[in-house]
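Colleague: Could you walk me through reading a few features of this model, one at a time? I would like the general idea and then the case at hand.

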Amino acid sequence: MANPIDKLYVGPAGWSYPDWEGIVYPAERPSRFKPLEFISRFFDCVEVNSSFYRIPETRTVRNWVSVVRGVERFRFTAKLWQRFTHERGKHFTAEDVKAFRTAIDPLADAGRLAAILLQFPWSFKNGEDEREWLSDVSKAFEDYPLVVEVRHTSWDRPEMLAWMRDHRLNWCNIDQPALKQCLGPSAHATGPVGYVRFHGRNEANWFAEEGRDARYDYYYSDEELEGWVGRITTLLEEAQNAYVIANNHFRGQGPANALQLKAKLTKGPVPVPDPLRKAFPDLEAIAKAPPGQRELF
């Protein structure tokens, strides 16, 4: 019988943040340093964050594939462009669909695309219009693995989980602040892709207009991470693969928590970037050196 851990993919959301310098990445970069290649040495996957804000150029996506060519297991998930999830005043066009598909296809063609994430805001509540919009978006991209993130409690109903199964949509389980009508922790698998996103629990800034960094500035405690081990184990049992994404990215907190969680799930030490280990001393207990480097403990 296959080891369930072989179905586990853990990684951060995004890899290009100025505040990661000297924390995730070396303060003094070697020549020809490539952040994505560095990430692929320590994580199993990465969620493309930039594709939410703008459609990437095809040549850029092809370069991502090239950068990770030496790591066969490494996978990408990609956020769907916000035109489809947050700009709902006017229906998207066939040209919008074609543009995103053309951009993301190099990942799919290379066998590197694990899923496209349809991330909807808290204001996207479970109503007839919203279900119709979601159905239209899913039809436009139905030949890709699709993961749907909703943040309002109105979606977490048995009939909606069945609806997502019928529409071949994979549920995104999330950890977010426990505020009124905010979706709580779950372990739902409505298709072959199990998915978890950690946003942090920064209640004070969750609905604030202070920007992305303030919202996702949160470092999970060991106890908080431990509470997710059983849920992710359930996903590993029910789904073909499970992807765990740390979106609490500010100042490297997401990568640190992702590695801590991976160590818990695999029940053993994991490779840890040396700068990250120094920035977060509690990683010392789980750190082992990547292949070809000295042990870090």
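**Reading a bent helix**

Modeller: Start with helix α7, which bends by about 30 degrees at Val229; a bend is the angle between axes fitted to the seven residues ending at a position and the seven starting there. Helices are DSSP runs of H or I with at least four residues, strands are runs of E with at least two, and both are numbered from the N terminus. Keep in mind that this is a predicted model: local features need pLDDT of at least 70, side-chain atom pairs count only at pLDDT 80 or more, and totals for chains, interfaces and linings use all residues. Numbering runs from 1 along each chain as its sequence is written, and side-chain values use heavy atoms, without hydrogens and water.

Colleague: Which residues of α7 are buried?

Modeller: Residues three or four places apart on an α-helix point the same way, because there are 3.6 residues a turn. Here Leu225, Trp228, Val229, Ile232, Leu235 and Leu236 are buried, where buried means under 20% relative accessible area, exposed over 50% and partly exposed in between, with a 1.4 Å probe on protein chains only. They pack against β1, β6 (170–175), β7 (193–198), β8 (241–246) and α8 (253–266).

Colleague: How many of the 14 residues of α8 are buried?

Modeller: The count is 13, so α8 is largely enclosed by the rest of the structure. Even Lys262, found in α8, counts as buried because its relative accessibility is 15%. Lys262 is in contact (heavy atoms within 4.5 Å) with Val10, Asp44 and Val270, leaving aside neighbours within four places in sequence. Just after α8, Lys267 takes a positive phi of about 60 degrees.

Colleague: Now the core and its rings, please. Which residues have the most contacts inside the largest nonpolar core?

Modeller: In soluble globular proteins, nonpolar side chains tend to be buried together. A core here is a set of buried Ala, Val, Leu, Ile, Met, Phe, Trp, Tyr and Cys residues joined through side-chain atoms within 4.5 Å. The largest has 95 residues, with Trp15, Phe76, Leu134 and Phe141 making the most contacts inside it.

Colleague: How many aromatic pairs does a search of the whole structure find?

Modeller: It finds 27. Rings of Phe, Tyr and Trp (its six-membered ring) pair if their centres lie within 6.5 Å; planes under 30 degrees apart are stacked, over 60 edge-to-face, and the rest tilted. Trp15 and Phe76 are an edge-to-face case, with 6.5 Å between centres and 65 degrees between planes. Trp15 lies in the loop between β1 (8–12) and α1 (35–42) and Phe76 in strand β3 (residues 75–79), so the pair ties together parts 61 residues apart in sequence. Both residues are buried.

Colleague: What sits over the ring of Tyr9?

Modeller: A charge counts as over a ring if NZ of Lys or CZ of Arg is within 6 Å of the ring centre and within 35 degrees of the ring normal. The charged end of Arg73 qualifies, 4.0 Å from the centre of the Tyr9 ring. Tyr9 lies in strand β1 and counts as buried because its relative accessibility is 9%.
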